[in-house]
Amino acid sequence: MIEIIKKHLPELTITTQQAEQLQKYYQYLIEQNALMNLTTITNEEEVYYKHFLDSLLLLKKYHFTDGMLVCDVGSGAGFPGIVLKIFVPQIRLTIIEALEKRCRFLRNLVQTLSLTNVEIIHDRVEQYSRLHPEQFDLVLTRAVANLSVLLELVSQLVKVTGTVICYKGPKVHEEINGAQKTFGELNFVLTKTDHELVTEIGERYFCYFTKMKKTPWKYPRHFNQIKKSPIG
Ligand SMILES: C[S@@+](CC[C@H](N)C(=O)[O-])C[C@H]1O[C@@H](n2cnc3c(N)ncnc32)[C@H](O)[C@@H]1O
């Protein structure tokens, strides 16, 4: 199955250890998915495409630097954070995940894969970021909320001049149009949108935001409040 990754990311050097880690990841995911709800995708080839390759597509365009402080918000079963960490071991990864049982899964997964410099935090990001603002160089999110809600949720977490990258699907342009006012209120600028198309995955967009200056302290509001009354 590693051939799927090699075919679509030919420039990525993959060691035997990394290929084995990915295979162990798949096995552990399926084993634990029988006990708790982690993913609806269980066919091996589909997991390699829709979870593993999709998480890694960011490597085509984005260069991670050594020691970079990266946070994956709402990682669920580890996407994209854990998959990226396998292939870019030099980053320091924090995962903030609201569901305790998923955090337990992630901690065991980190041990199973012998990953270092990974911290799993069981909390809602809007709560955690109030106590620990401006911690990260880069914040990643995939399939957590719409852009307007998402950016508010993670707005305090990233350092000034830091980056937020959101994995988005084909409706990205609608989401961007609906969230323009929100970006400004939070002091973020949409700097770039990248597009990737892999038939087995579908359209994948990456939205890059830069935090220009501190986000006003009234944000993020409580999650329910954000959903009921978006800034935009
Ligand atoms: C649909 S899943 C996506 C998981 C993963 N990112 C993926 O792409 O497969 C959304 C995850 O975000 C978590 N989540 C939702 N709101 C959150 C919040 N405010 N803070 C932290 N985690 C949150 C949920 O518990 C869930 O595991």
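**A mixed sheet and its helices**

Strand 1 (residues 69-73) runs parallel to strand 4 (residues 136-142), and four bridges join the pair. Strands here are DSSP runs of E with at least two residues, helices are runs of H or I with at least four, and both are numbered from the N terminus; two strands pair if DSSP finds at least two bridges between them. Within this pair, Asp-72 lies opposite Leu-140 of strand 4.

The model is predicted, with local features requiring pLDDT of at least 70 and side-chain atom pairs pLDDT 80 or more, while totals for chains, interfaces and linings use all residues. Residue numbers start from 1 along each chain as its sequence is written.

Strand 1 also pairs with strand 2 (residues 92-97), again in the parallel sense, over five bridges. Val-73 has Ile-96 in strand 2 as its bridge partner. Between strand 1 and strand 2 the chain passes through helix 4 (residues 81-87), giving a right-handed β-α-β crossover (clockwise from the first strand over the helix to the second, with the strands pointing away from the viewer). Strand 1 is largely enclosed by the rest of the structure, because four of its five residues are buried (20 or more other C-beta atoms, placed from the backbone, within 10 Å of a residue's own).

The whole sheet is open and mixed, with seven strands in the order 3-2-1-4-5-7-6. Its edges are strand 3 (118-122) and strand 6 (188-198), each of which pairs on one side only. Neighbouring strands are turned against each other by 20 degrees on average, direction ignored.

Helix 7 (residues 147-154) touches strands 1, 4, 5, 6 and 7, and its direction makes about 145 degrees with that of strand 5 (158-168). Helix 8 (residues 172-186) lies across strand 5, strand 6 and strand 7, at about 160 degrees to strand 6.

The ligand is surrounded by 18 residues, the closest being Gly-74, Gly-76, Ala-98, Arg-142 and Ala-143 (C-beta atom, placed from the backbone, within 6 Å). Strand 2 and helix 6 (125-131) each contribute at least two residues to this shell.

Conventions:
Axes are lines fitted to C-alpha atoms, for helices over the stretch in contact, and angles run from 0 to 180 degrees between N-to-C directions. Two residues are in contact if their C-beta atoms, placed from the backbone, lie within 7 Å. A residue is buried if 20 or more other C-beta atoms lie within 10 Å of its own, exposed if 12 or fewer, and partly exposed in between; C-beta atoms are placed from the backbone.
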